[in-house]
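Please look at the sequence and the structure first.

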Amino acid sequence: MQGRKVLLGVTGSIAVFKAAGWVSALAKEEAQVTVMMTEAATRFVTPLTFGALSGHQVSTDMFSTDAEEMMAHISLSGDAEVVLIAPATAQTIAQLAQGMADNLLTAAVLASAAPVVVCPAMNSKMLAHPATQRNLATLKELGYRIVEPENGPLACGEVGSGRLAEWETVRETLLGLFADQDLAGQHILITAGPTREPLDPARYLSNRSSGKMGYALARTAQRRGAEVVLISGPTSLPAPPGVTMVPVQTAAEMAEAVQEHAPGAQIIIKAAAVADFRAKEVASFKIKKKGADLRLDLVPNQDILASLGKERRQDQVLVGFAAESNNHEAEGRRKLEAKQVDLIVVNDILGQQTGFDVDTNQVTLITQEGAEQLALLSKEETANKIWDKVIALSKGKGK
Ligand SMILES: Cc1cc2nc3c(=O)[nH]c(=O)nc-3n(C[C@H](O)[C@H](O)[C@H](O)COP(=O)(O)O)c2cc1C
């Protein structure tokens, strides 16, 4: 978001206070946010709040004779990279659908060539009304992006659809608008997180994978235009907006889900840390402490990556991850050959800022052509570098 020029249009919904939080979030990411408000919006939260949070003057009056605000509907829209209308009332949505320009906000939208993102927020009956639905459909036809409101408790005391979307969802929409759509049309399958292999009703074997790398891959691919299916073991991460989630627990469930989704994918990335072993027998009741040693018989799980390597179509790009603690490059190269994949991403699980449960990673990309060590980057930056490599590999396959 850094340096991005966002023109935020705030309208008179009870959810206005949430938009104030969004301005803070954007400012923290060093985006340049300018705010315009309808007269109704200023009844809920004063322009002072938005001015203080954005660091810029807030415009509210189309007919201001103040030198800085004169013709604001034209000057505001001039260099905006995106116009975000949030919260968007039924009233403003109706005005925009009609192409009206009777206040500063609606006039600025008409005067802007930037993409417009509309985040409706209203009572569920207002939202369901055929007039509102028709207006939203018209906006879609006009090329406006609608971030659908969510279901849940509403300010009016009812429960239903009409809650302003969460900031994470809106942020993803904005990032998608700013990103190159170089994965558009690609169906991508990603696995992420650990698996849990039950021992008894209370215990399981697992590992320290947080899922952060796989989720970063899913988010960035979705932003770059791909259709993403994310098969995830248990994690504490929120589902990336716009991604199809397939939750699983065990390695066997993950293998089954991969089998089901792999044929439809052009690119498959296995970032999950799948357990190599499971209990030979799962106890039906909690294993009791008996004061003596306990031995567990383990049997190997299916090697999902190797199976994919055997069954893959040659036009698919197959990527595996290798979490290594020594001999990284040699081990990565061995896996590249043994598992018949196009790219192995090796990460050093002993590094302080790499591997499990941290937000940064330093990986080595190993292909038939050679090894490339990336710098220490955020997991999202690492994910984008992996996609650049995958796109180059796809092109090499003539796609
Ligand atoms: C307390 C209160 C809450 C309101 N909340 C909403 C809302 O969430 N969504 C909506 O569409 N209208 C809401 N309205 C009605 C709008 O404020 C009204 O339609 C107004 O004309 C919108 O003007 P604007 O779109 O120019 O901001 C609310 C009104 C009041 C008094």
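Which residues line the largest cavity?

## The largest cavity

The lining of the largest cavity consists of Ala255, Val258, Gln259, Gln302, Ile304, Ser307, Leu308 and Glu311. Two elements give two or more residues to this lining, namely helix 11 (251–261) and helix 12 (304–311). Helix 12 gives the most, with 4 residues. By class, the lining residues are 4 nonpolar, 3 polar and 1 charged. Here Ala, Val, Leu, Ile, Met, Phe, Trp, Tyr, Cys and Pro count as nonpolar, Asp, Glu, Lys and Arg as charged, and the others, Gly among them, as polar.

The largest cavity holds about 40 Å³ of space. A search of the whole structure finds 1 cavity of 30 Å³ or more. A cavity is a set of points, on a 1 Å grid over the protein atoms alone, where a 1.4 Å probe fits but cannot get out; lining residues have an atom within 4 Å of a point. The volume is the space filled by probe spheres set on the points, which are joined across faces, edges and corners.

## About the model

This is a predicted model, in which local features need pLDDT of at least 70 and side-chain atom pairs count only at pLDDT 80 or more, while totals for chains, interfaces and linings use all residues. Residues are numbered from 1 along each chain as its sequence is written, and side-chain values use heavy atoms, with hydrogens and water left out.

## The protein as a whole

The protein has 14 helices and 21 strands. Helices (H or I, at least four residues) and strands (E, at least two) are DSSP runs, numbered from the N terminus. The C-alpha atoms fill a box of roughly 80 × 50 × 40 Å, taken along the principal axes. Of the 399 residues, 49% count as buried, that is, under 20% relative accessible area with a 1.4 Å probe and protein chains only.

Key
1 Å grid on protein atoms, 1.4 Å probe; cavity = no way out; pocket = protein on both sides within 12 Å on 5 of 7 lines; lining within 4 Å. Buried < 20%, exposed > 50% of the residue type's maximum accessible area, 1.4 Å probe, protein only.
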